[in-house]
Amino acid sequence: MIWLAVVIGLLLLAASGAVLITRYRDSALARAFPAQGQITAVPGGTIHWTVNGSGPAVVLVHGLAGNMHNFYALEKALTEHYTVYCLDRPGSGSAHRPLSTDPGFDNQARMLLAWMDSIQLDSALFVGHSMGGAISLNLAMQAPERVRGLALIAPLTAPLPLKPTALARWYFRSPTLRYAVAKAVSPLIQKKMGRKQVDIIFKPEPPVPDFGYRYGGALSMRSGAFLAASGDLAAAQKSLYQQIKHYHSITCPVGVLYGDGDKVLSCRHHVEQMKKSLPDAHYVVLKDRGHMLPITAVTECVELINEVQRQTEAAAQAETASPTKASPTKASPTSDA
């Protein structure tokens, strides 16, 4: 029995050490990336956001394990002509999401709506990157009157393959297991796989040298980011199966930008799924480009956003010219009706 007690003691000591290392790393990252803007409480968590520029409202929604810093260059380019709201989704960056909060895309979209209500933002053009694209699509179905247009950059639009290899380090179905891994061993996982994952998200392009800090890549090392990303990924399949049935109900202008060399999400798969439901959307595919287009293809992203904005203005003018035109009805992404 003595040996069993020794083994248990060593395991507890190792676990305590891992937790302390995680806390130390979290504290260091919090100091390196202090909250830059405002933090707004919404049901189920908080949203951290900044606003800059002037002109039509644009909201930037980041992807899995991302944060507002992913849009560093794109935000700067857009503020010349737009009022740009850049945010950390609940659980990411400086925003909080408790383990008990439903990470499903329906709920994440509702949290964004609550944030809009809180800051009195009536409507905006939503720019969604990767998983942020899926959540933006959901929002456009839940509240079409709040979404003037969608500019989707390398968006997640359809259910993922059964083995999401490029995203596997985030996938833990059990909330309890997600929490334990995040607080105890996530630094070890991140250290082992971090560089490899960065290479994957940029391929076939080379990673930008300052991705870690200027573009917030290091923030994915936080235990909270690991926890939120794992929850997002665990909820993704069910959410996508529910909402993909209703993409045809989206009435606002939609633009989609993809790189044909994307190693995270299949350009062909996700663009084809969108074209089935929204054949008249504006599609642009860039040759030999990867997943991190908000960083590597800023000019092309701005062009897409400008095109969607042009279409929203044309639609608004047409509606003004035809005041008897029926308003779009609200669609529920989870309803089979």
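This is a predicted model: local features need pLDDT of at least 70, side-chain atom pairs count only at pLDDT 80 or more; totals for chains, interfaces and linings use all residues.

**Entry 1: around L74.** I began with the partners of L74, skipping its neighbours within four places in sequence, and found contacts with I153, P294, V298, C301, V302 and I305. L74 sits in helix α2, which covers residues 72–78. Is L74 buried or exposed? Its relative accessibility is 0%, so I filed L74 as buried, the cut-off being under 20%. I also checked L74 against L60: the two are 14 residues apart in sequence, and their C-alpha atoms lie 9.4 Å apart in space.

**Entry 2: the whole protein.** Next I stepped back for the totals. I counted ten helices and eight strands in the protein. Of its 337 residues, 55% are buried. I then took the contacts with a separation of 6 or more, and 80% of them come from residues 24 or more positions apart.

**Entry 3: α4 against α7.** I turned to helix α4 (residues 131–142) and helix α7 (residues 223–243), whose axes come within 11 Å and cross at roughly 40°. The two helices are therefore oblique to each other. I noted the crossing of α4 past α7 as left-handed. Which residues make the contact? On the α4 side I listed M131, A134, L137, N138 and M141, and on the α7 side D232, L233, A236, L240 and Q243. Sorted by type, the residues of this contact come out as seven nonpolar, two polar and one charged.

**Entry 4: α3 against α7.** I kept α7 on screen and brought in helix α3 (residues 105–119); their axes come within 8 Å and cross at roughly 95°. That angle falls between 65 and 115 degrees, so α3 is roughly perpendicular to α7. From α3 the contact takes F105, D106 and Q108, while α7 supplies D232, A236, S239, L240, Q242 and Q243. My tally for the contact of α3 with α7 reads three nonpolar, four polar and two charged.

**Entry 5: cysteines.** How many disulfides does the structure hold? I found zero. I looked up two cysteines for burial while I was there. C86 has 0% relative accessibility and therefore counts as buried. C252, at 13% relative accessibility, is also under the 20% cut-off, so I marked C252 as buried.

Methods. Residues are numbered from 1 along each chain as its sequence is written. Side-chain values use heavy atoms; hydrogens and water are left out. Axes are lines fitted to C-alpha atoms, for helices over the stretch in contact, and angles run from 0 to 180 degrees between N-to-C directions. Helices (H or I, at least four residues) and strands (E, at least two) are DSSP runs, numbered from the N terminus. Angles under 35 degrees count as roughly parallel, over 145 as roughly antiparallel, 65 to 115 as roughly perpendicular and the rest as oblique. A crossing is left-handed if the near helix is turned anticlockwise from the far one by less than a right angle, and right-handed if clockwise. Contact means heavy atoms within 4.5 Å. Ala, Val, Leu, Ile, Met, Phe, Trp, Tyr, Cys and Pro count as nonpolar, Asp, Glu, Lys and Arg as charged, and the others, Gly among them, as polar. A disulfide is a pair of cysteine sulfur atoms within 2.5 Å. Buried means under 20% relative accessible area, exposed over 50%, partly exposed in between (1.4 Å probe, protein chains only).
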